[in-house]
Amino acid sequence: MIRHGIAVSLLLLAGCNSVLRPLVKIAPDYADLPADTLRQVATEIETSVQNGDRDAKIENREGITVQTDEIQQAIRTRAARSALINGFRDSGHVWETRNGLITILRTKDYKHTGTRKDRDRNALLIMGENADRWTIYEGVVKASHLPPRSLSAVQREFHEARVSQLRAGQKYENEAGEMATK
């Protein structure tokens, strides 16, 4: 009973968090941002995560700082859960959005898949993944001393790096804002 209450509390907190963040949509601002370096770092991080490499040594380079305890822990945690995330992506019930987050597609088909506990576990999986992604995005902006307006550009670069790593049949949001399948 207590575990159920904790899970519900976490879902409610994450729900509030995920509702507030999309309201702040700013066009990516690449001014004062070493875009090529960011693209390289994002690709290196997403490749390490996709490969499940918990010991990846992602180095700072040319204005992009990733060597902080928080960012490194978020990368390790994401790498540890990558097989679960890929399995969920393969199910067709989630998609990668342009804001750099992964979102459950709450379709009728999804609602009839598995048990309520399975869907609760899926929600916790996605919440944890998105929390670690935010840690990386905000951590890069802060540690690299980038202007806050560059956050959306960081999110976009990581999204692009992640989309390039998707397997056939996995879903993502394309530049037109539409759902596409790799």
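Of the 182 residues of the protein chain, 43% count as buried, where buried means under 20% relative accessible area, exposed means over 50%, and partly exposed lies in between (1.4 Å probe, protein chains only). This is a predicted model, in which local features need pLDDT of at least 70 and side-chain atom pairs count only at pLDDT 80 or more, while totals for chains, interfaces and linings use all residues. Residues are numbered from 1 along each chain as its sequence is written, and side-chain values use heavy atoms, with hydrogens and water left out.

**The whole chain**

Display the chain as a cartoon. Six helices and four strands make up its secondary structure; helices (H or I, at least four residues) and strands (E, at least two) are DSSP runs, numbered from the N terminus. Followed from the N terminus, the elements come in the order α-α-α-β-β-α-α-α-β-β. Contact means heavy atoms within 4.5 Å. Among contacts between residues at least 6 apart in sequence, 62% join residues at least 24 apart.

**First stop: α2 and α6**

Select residues 35–50, which form helix α2, and residues 151–165, which form helix α6. Their axes come within 8 Å and cross at roughly 45 degrees. Axes are lines fitted to C-alpha atoms, for helices over the stretch in contact, and angles run from 0 to 180 degrees between N-to-C directions. Which residues of α2 meet α6? They are Leu-38, Arg-39, Ala-42, Thr-43, Ile-45, Glu-46, Thr-47 and Gln-50. On the α6 side, show Ala-153, Val-154, Glu-157, Phe-158, Ala-161, Arg-162 and Gln-165. By class, the contact of α2 with α6 has seven nonpolar, four polar and four charged residues. Here Ala, Val, Leu, Ile, Met, Phe, Trp, Tyr, Cys and Pro count as nonpolar, Asp, Glu, Lys and Arg as charged, and the others, Gly among them, as polar.

**Second stop: α2 and α3**

The axes of α2 and α3 are 7 Å apart, at an angle of about 65 degrees. In this contact, Ile-45, Glu-46, Ser-48, Val-49 and Gln-50 of α2 meet Ile-75, Arg-78, Ala-79, Ser-82, Asn-86 and Arg-89 of α3. These residues divide into four nonpolar, four polar and three charged.

Is Arg-81 buried or exposed? Arg-81 counts as buried because its relative accessibility is 13%. Not counting residues up to four places away in sequence, Arg-81 touches Leu-125, Gly-128, Glu-129 and Asp-132.

Move on to Glu-129, in helix α5 (residues 116–143). Glu-129 has a relative accessible area of 2% and is therefore buried. Its contacts, leaving aside neighbours within four places in sequence, are Arg-78, Arg-81, Ile-85 and Ile-102. Glu-129 and Ala-74 are 55 residues apart in sequence, and their C-alpha atoms are 8.8 Å apart in space.

**Last stop: two loop residues**

Most residues other than glycine have a negative phi. Select Glu-62, in the loop between α2 and α3, where phi is near 35 degrees, a positive value. Glu-62 is exposed, with a relative accessible area of 64%. Finish at His-145, in the loop between α5 and α6. Phi of His-145 is near 55 degrees, a positive value, and His-145 is exposed, with a relative accessible area of 72%.
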